[in-house]
Amino acid sequence: MHIWKNKKVLITGHTGFKGSWLSLWLKNKQANVSGISLKTEVSNPNLFSILNLNNEVNDFRGDITSLKYCIRTIKQIKPEIIFHMAA
């Protein structure tokens, strides 16, 4: 059994360049990936869309500088591992 299989992983900044690659890698390792990014539109084209991750990752949009939003979202996702990639 692989270490990432079925792990609940949260990535902040999952729509960015590095976050997109990490999301793809973790999905390929069969992790359950969720991500938090800003509500703003990402550039077009962008790696997150090109890799078709919008259909593969549980996508949450909000302001990670809001402690209330982060706590609520983390309680909902219940991640085992968090990668903080947001800038």
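Ser-23 has 0% relative accessibility and therefore counts as buried, where buried means under 20% relative accessible area and exposed over 50%, with partly exposed in between (1.4 Å probe, protein chains only). This is a predicted model, in which local features need pLDDT of at least 70 and side-chain atom pairs count only at pLDDT 80 or more, while totals for chains, interfaces and linings use all residues. Residues are numbered from 1 along each chain as its sequence is written, and side-chain values use heavy atoms, with hydrogens and water left out.

**Helix α1**
- Ser-23 belongs to helix α1, residues 17–28, where helices (H or I, at least four residues) and strands (E, at least two) are DSSP runs numbered from the N terminus.
- Not counting residues up to four places away in sequence, Ser-23 touches Ile-11, His-14, Val-33, Leu-53 and Val-57, contact being defined as heavy atoms within 4.5 Å.
- Ser-20, which also lies in helix α1, counts as buried because its relative accessibility is 0%.
- Leaving aside neighbours within four places in sequence, Ser-20 is in contact with residues including His-14, Leu-47, Phe-48 and Leu-53.
- The C-alpha atoms of Ser-20 and Gly-35 are separated by 9.7 Å, and the two residues are 15 residues apart along the chain.

**Helix α3**
- Within helix α3, residues 67–77, the residues Tyr-69, Cys-70, Thr-73 and Ile-77 are buried.
- These residues lie on the same side of α3 because they cover an arc of only 95 degrees around the axis, the arc being that of the directions from the helix axis to the C-beta atoms.
- The buried residues of α3 pack against β1 (8–12), β2 (32–37) and β3 (58–61), whereas the face turned away from the buried side carries the exposed residues Leu-67, Lys-68 and Lys-75.
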